[in-house]
Amino acid sequence: MRRILTYAKTALLSLTAVVALAMVSCSVSYKFNGASIDYTKTKTIQIADFPIRSSYVWGPMGPMFNNQLKDMFASHTKLSQVKRNGDLKIEGEITQYSQRNKSVAADGRSAQTELSITVNVRFTNNANHSEDFERQFTANKSYETTQSLASVQEELVTQMVKDLTEQIFNATVANW
């Protein structure tokens with residue numbers, strides 16, 4: 001009798017798991033790492049290189065940003081990246097790269113400096129134009145003024161680029 005009850009419980013659990021999997025797999029929307037994309041309507045994305053339009057420039061920043069943005073969509077979605085006529089289109093420019101004093105020490109000198117990157121993004125969703133937008137995204141990082149910008153620039157820009165690409169990803173396909 002115990003063997004029959006154990007078999008019945010196992011069969012019931014297996015059936016429940018199969019039904020749950022079937023219900024989940026019937027969903028049209030794909031969610032992976034925050035992406036919410038209807039792949040029946042949206043299959044491609046066009047990501048233009050963002051030129052630097054800032055008066056202050058650090059050379060490696062442009063390629064670093066452009067590669068990270070494309071990598072973000074390649075690794076977190078099933079969208080194929082195309083050169084033109086994408087179902088989704090992301091374009092824009094790096095409009096500002098600047099530093100400013102953030103805090104002052106007791107002796108009146110600058111204690112911290114804030115580095116900032118601002119990116120202007122134009123997003124077009126050819127499947128649903130109500131989601132189109134043009135918006136600015138900004139990332140900031142601070143460093144001690146006792147350090148030179150040259151010694152911290154690569155690390156800080158890498159962190160800010162990661163932050164910016166996550167912001168853009170979330171605003172475009174994660175619907176957050």
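1. Leaving aside neighbours within four places in sequence, which residues is Ile117 in contact with? In this predicted model, the contacts of Ile117 are Met61, Ile94, Gln96, Tyr97, Phe137, Thr138, Ala139, Val157, Met160 and Leu164.

2. Ile117 also belongs to the largest nonpolar core, which has 36 residues. Together with Phe65 and Val157, Ile117 touches the most other members of that core. Two or more residues each come from strand E3, helix H2 (61-76), strand E5 (88-104), strand E6 (110-125), strand E7 (133-144) and helix H3 (149-174). H3 gives the largest share, 11 residues.

3. Phe65 deserves a separate entry. This residue lies in helix H2. Is Phe65 buried or exposed? The relative accessible area of Phe65 is 1%, so the residue counts as buried. Not counting residues up to four places away in sequence, Phe65 touches Phe50, Ile94, Val119, Val161, Leu164, Thr165 and Ile168. Asp49 is 16 residues from Phe65 along the chain, and the C-alpha atoms of the two are separated by 8.8 Å.

4. On the overall fold, the protein has three helices and seven strands. Read from the N terminus, the order of elements is α-β-β-β-α-β-β-β-β-α. Five strands form an open sheet with mixed pairing, in the order E4-E3-E5-E6-E7. Why does one side of E4 (80-81) and one side of E7 lack a neighbour in the sheet? Both strands stand at the edges and each has a single partner strand, so one side of each is left without a neighbour there.

5. The pairing of E3 with E5 is parallel and rests on three bridges. Within this pair, Ile45 is opposite Leu88 of E5, and Gln46 has Lys89 of E5 as its bridge partner. H2 touches E3, E4, E5 and E6, and its direction makes about 125 degrees with that of E5. H3 touches E5, E6 and E7, with its direction at about 150 degrees to that of E7.

6. E5 and E6 run antiparallel and are joined by 15 bridges. Gln96 is opposite Thr118 of E6, and Ser103 has Gln112 of E6 as its bridge partner. The hairpin of these two strands has five residues between them, and Gly108 takes a positive phi near 90 degrees in it. Gln96 is also among the residues in contact with Ile117.

7. Some totals for the protein follow. Of the 176 residues, 32% are buried. Among contacts between residues at least 6 apart in sequence, 68% join residues at least 24 apart. The accessible surface is about 10,900 Å², and carbon and sulfur atoms account for 53% of it.

8. The average pLDDT of the protein is 85, and 79% of the residues score at least 70. Where is confidence lowest, and where is it highest? Strand E1 (residues 29-32) has the lowest mean, 39, whereas strand E3 (residues 44-47) has the highest, 98. Over residues 17-33 the pLDDT is below 50, and this stretch has 15 contacts in the model beyond near neighbours in sequence.

Technical notes
Residues are numbered from 1 along each chain as its sequence is written. This is a predicted model: local features need pLDDT of at least 70, side-chain atom pairs count only at pLDDT 80 or more; totals for chains, interfaces and linings use all residues. Side-chain values use heavy atoms; hydrogens and water are left out. pLDDT is the predictor's confidence in each residue, from 0 to 100. Helices (H or I, at least four residues) and strands (E, at least two) are DSSP runs, numbered from the N terminus. Contact means heavy atoms within 4.5 Å. A nonpolar core is a set of buried Ala, Val, Leu, Ile, Met, Phe, Trp, Tyr and Cys residues joined through side-chain atoms within 4.5 Å. Buried means under 20% relative accessible area, exposed over 50%, partly exposed in between (1.4 Å probe, protein chains only). Accessible areas come from the Shrake-Rupley method with a 1.4 Å probe; for residues, only the protein chains shown count as cover. Two strands pair if DSSP finds at least two bridges between them. Axes are lines fitted to C-alpha atoms, for helices over the stretch in contact, and angles run from 0 to 180 degrees between N-to-C directions.
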